[in-house]
Amino acid sequence: MRSASAAASRENKRIGIVPTMGYLHEGHLSLIEIAKLHCDIVVMTLFVNPTQFSPSEDFSVYPRSFADDSALAAHAGVNILFAPEAKEMYPADFDIYVCSEKFGTILEGSFRPAHFKGVLTIVAKLFHIVNPQIAVFGQKDYQQAFLIKKMTRDLDFDVEIVVVPIVREHDGLAMSSRNVYLSPTERTQARALSHSLKIAEKLIAEGERSATKIIATMKEHIIREQDARIDYIAITEPETLAPIEQLLPDTMALVVLAVHIGTTRLIDNILIHIKH
Ligand code: PAJ
C-alpha cells in the first residue's frame, strides 16, 4: 500500500481514502462517488477494526463479505482496495493510541467508552499508510466525522476531510451494515428512528424552540415500538456538540440519537436550520 501510494504521489496524483469496515451498501458507495470527484486515485480501506468494539459488542459477528465487497468496490471505481489483517495492524506489543479527552466521551462515547479511541487510532494509522490528500466520511456517524476533523486539526494531519450526507432506505431508515441483524418485525420498528427525526424537523418548522419538548415528543414516538430501547436523544450545536436548550433563529441544530431495536443498536441524526 505504501509503495502504491508513493508511486501515485510521484506522478502528482491526488489520493482519496474511503475508510470502511466492509459489508458495503449504497451509503459506502456514495462516499466513493464523492471521493472520485476530489481525487485521481480512490483507495477504499476494508478492515473490521477490533479496537473500536467493546468485549460485549458485535465484533465477532459483524457481517463480512469480502468477495461481494471487492466486486462492488471495483464496479464503483475504487482503484485500490486495502484490506489488511488484524495482526498486521495490531502487532502483539501494540501500545500507542489516539484518543479524544472530551468529545470522545460524550453522546456515543458515554455508551461506548473505548469506541472512539479505537476509531481514531485506526484512522490515524490508515492515514499514515495511505497518505491521502482527502478522506471521505459519512454524516451517518456525525460524531465520528467530527472527531476525525478535530484529530486532523489538533494533530496536524495534512488531510482534507469531506463529509457526505446520509443515504437512506425508501422508508427513511439510514443504511447501515448492521441493518442485516434486524428481523422483519424489528426492521419495521426501526423506522421510528428516522420518523422521530422528521417529527423534530416538523416541530421546529412549526415554531417549537424548546429542545426538552422536542426530545420528549421524539421519545414518546420511539418507545411506542415494543423492542425499542433508547440510549440517548440529544439536540446539540453541530460545531461544538454542546447541548442546546432553546433553539435560536438562524442557527443550525444537530438532532442525534442512538436506539436499540431488540439486540441491534442503531444511530441516526439530522442537521436542521432554525429559520426565525
Ligand atoms: P463503516 O460503518 O463501514 O462506515 C464507513 C463509512 O461509511 C463511514 O464514514 C460512515 O459514516 C459511512 N456511512 C455508513 N452508513 C452510511 C450512510 N447510510 N450514508 C452515508 N454514509 C454512510 O465508520 C466506520 O465503518 C468505521 O468506524 C471506520 C471509520 C472505517 C473506522 O474503522
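Reader: Does arginine 168 count as buried, partly exposed or exposed, and what is its relative accessibility?

Author: The model is a predicted one. The classes rest on relative accessible area: buried is under 20%, exposed is over 50%, and partly exposed lies in between. Arginine 168 has a relative accessibility of 31%, so it counts as partly exposed.

Reader: Which side chain meets that of arginine 168 in a salt bridge?

Author: A salt bridge is assigned when a side-chain nitrogen of Lys or Arg lies within 4 Å of a carboxyl oxygen of Asp or Glu. Here the partner of arginine 168 is aspartate 268, with an N to O distance of 2.9 Å.

Reader: With which residue does aspartate 171 form a salt bridge?

Author: The partner is arginine 187, and the closest N and O atoms are 2.9 Å apart. This pair, too, links distant parts of the chain: aspartate 171 is in the loop between S5 and H8, arginine 187 is in helix H8, and 16 residues separate them. Both count as partly exposed, aspartate 171 at 26% relative accessibility and arginine 187 at 24%. Elsewhere, salt bridges with shared partners join Glu108, Asp231 and Arg265 into one network.

Reader: How many salt bridges does a search of the whole structure find?

Author: The search finds 12. One of them pairs aspartate 154 with arginine 153, whose closest N and O atoms are 3.2 Å apart. Aspartate 154 is partly exposed at 43% relative accessible area, while arginine 153 counts as exposed at 59%.

Reader: Turning to the ligand, which residues around it come nearest?

Author: One begins with the shell of residues and then examines individual atom pairs. The shell has 20 residues, and Gln52, Asp141, Gln144, Val167 and Met175 come nearest. By class, 10 of the shell residues are nonpolar, 8 are polar and 2 are charged. At least two residues of the shell come from each of strand S1 (15-20), helix H2 (26-38), helix H6 (115-130) and strand S4 (134-138). The largest share, 3 residues, is that of H2.

Reader: How far is a polar side-chain atom of glutamine 52 from an oxygen atom of the ligand?

Author: The distance is 2.6 Å. For glutamine 144, a side-chain N or O atom is 2.7 Å from a ligand oxygen, and for histidine 28 the corresponding distance is 3.0 Å. Of the 630 Å² of accessible area that the ligand has on its own, the protein covers 96%.

Methods
Residues are numbered from 1 along each chain as its sequence is written. This is a predicted model: local features need pLDDT of at least 70, side-chain atom pairs count only at pLDDT 80 or more; totals for chains, interfaces and linings use all residues. Side-chain values use heavy atoms; hydrogens and water are left out. A residue is near a molecule or strand if one of its heavy atoms lies within 4 Å of it. A polar contact is a pair of N or O atoms within 3.5 Å; within protein, one must be able to donate a hydrogen and the other to accept it, and residues adjacent in sequence count only if both atoms are side-chain atoms. Accessible areas come from the Shrake-Rupley method with a 1.4 Å probe; for residues, only the protein chains shown count as cover. Helices (H or I, at least four residues) and strands (E, at least two) are DSSP runs, numbered from the N terminus. Ala, Val, Leu, Ile, Met, Phe, Trp, Tyr, Cys and Pro count as nonpolar, Asp, Glu, Lys and Arg as charged, and the others, Gly among them, as polar. Buried means under 20% relative accessible area, exposed over 50%, partly exposed in between (1.4 Å probe, protein chains only).
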